[in-house]
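Here is a short note to read with the model open beside you. Each point can be checked by eye.

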Amino acid sequence: MVNYKDLGLVNTREMFKRAVAGGYAIPAFNFNTMEQMQAIVMAAVETKSPVIMQVSKGARNYANATILRYMAEGAVAYAKELGCAHPEIVLHLDHGDSFELCKDCIDMGFSSVMIDGSHLPYEENVALAKKVVEYAHQFDVTVEAELGVLAGVEDEVSAAESHYTKPEEVIDFATRTGCDSLAISIGTSHGAHKFTPEQCTLVNGVLVPPPLAFDILHEIEKKLPGFPIVLHGSSSVPMDEVNTINQYGGKLEAAIGIPEEQLREASKSAVCKINIDSDSRLAMTAAIRKHLAEHPGDFDPRQYLKPARENMKKMYIHKIVNVLGSDGKLAQ
Ligand code: 13P
């Protein structure tokens, strides 16, 4: 049994309280490689931002659970080495699909877990989330639960269509489960293909997707004042990265994300955690494809992973400073 506090990590409670009150959101970046972890830490330190490093079940299987726990401990030490005296880094399980997985993560040093029972019948979702909360809170680990279903593919969790969160359910759900934050469905979805071109409007040659359901978000906020809300599926799928990938041999057709203005607006509300994974994948792939196309003789991974890391770091800093507004928000 490893307690996250011994690894120098923090849970989400205090940073969410400050984010809701301050009208900004904490970035939750998915990672499974050393370069992603380094880029996340460098970006958080440079911008003086709290940060959530999250791993899905698939990422744990890819990177190995033991290695990830040491990577998180290493992330804290690295942030200090880069000059941040009091880093606020959360290690969070993204889309936990069972009590056993959540328990395993808590026992291995995670400071926050998500239990995703959103695909289950309501009462089963409540019972599962409550069970995870009861275990997690013994160790001061915070728990995110979800109501409403997001469309798209997130490692092993996938759904064909989305179902918006029903505001009339949130008080009962939050009260009975005791969860610390609530992920909701208001029109975001996982992956780099969030909308079909038919769902979008063509404005000055650019496909603009339908707006998020801010009316549902505001209704939820009214029912649960000050309660931390989470947005999954919040990559913007930057066209310059998609174009670079396609220019250098990739084939990403009709990739469409959530416009950053909408995420900026959501950050000012009770939305205090915004999940971004696909944008990091795109930034990494674009830089690697470009480097290898321009330097066909290179075969040392450092030659192409260094620009990939730089490109991800640039993207993370942009999100923190220009979209979520969490820069300069460390407690001390
Ligand atoms: P994106 O695919 O939009 O990056 O969403 C990631 C996410 O929500 C992880 O839980």
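1. A definition comes first. Two rings of Phe, Tyr or Trp (for Trp, the six-membered ring) count as a pair if their centres lie within 6.5 Å. Planes under 30 degrees apart make a pair stacked, over 60 edge-to-face, and the rest tilted. In this predicted model, the structure holds 4 aromatic pairs.

2. One of these pairs is formed by Tyr-122 and Phe-173, with 6.2 Å from centre to centre and 55 degrees between the planes, and it is tilted. Tyr-122 belongs to helix α6 (residues 122-137) and Phe-173 to helix α7 (residues 170-177), so the pair links distant parts of the chain, 51 residues apart. Phe-173 has a relative accessible area of 0%, and therefore counts as buried.

3. Elsewhere, the ring of Tyr-70 has the charged end of Arg-69 over it, 4.0 Å from the centre.

4. Which residues come nearest to the ligand? Of the 16 residues around it, they are Asp-94, Lys-194, Gly-233, Ser-235 and Asp-277. The shell consists of 1 nonpolar, 11 polar and 4 charged residues.

5. In Asp-277 a polar backbone atom takes part, at 2.7 Å from an oxygen atom of the ligand. For His-95, an N or O atom of the side chain is 3.4 Å from a ligand oxygen. Taken alone the ligand exposes 300 Å², and the protein buries 99% of that. Strands β3 (89-96) and β12 (271-276) are the elements that give two or more residues to the shell.

6. Most residues other than glycine have a negative phi. Is His-95 buried or exposed? Its relative accessibility is 4%, so His-95 counts as buried.

7. Asp-140 also has a positive phi, near 60 degrees, and is a residue other than glycine. Its place is in the loop between α6 and β5 (142-147). With a relative accessible area of 26%, Asp-140 is partly exposed. The cut-off explains the label, because buried means under 20% and exposed means over 50%.

Key. Residues numbered from 1 in each chain as written. Predicted model: local features only at pLDDT ≥ 70, side-chain atom pairs only at ≥ 80, totals over all residues. Heavy atoms only, no water. Helix = DSSP H or I, 4+ residues; strand = E, 2+ residues; numbered from the N terminus. Buried < 20%, exposed > 50% of the residue type's maximum accessible area, 1.4 Å probe, protein only. Lys NZ or Arg CZ within 6 Å of the ring centre and 35° of its normal. Near = heavy atom within 4 Å. Polar contact = N/O pair within 3.5 Å; in protein donor to acceptor, adjacent residues only side chain to side chain. Areas by Shrake-Rupley, 256 points an atom, 1.4 Å probe, with all protein chains shown as cover. Nonpolar A, V, L, I, M, F, W, Y, C, P; charged D, E, K, R; others polar.
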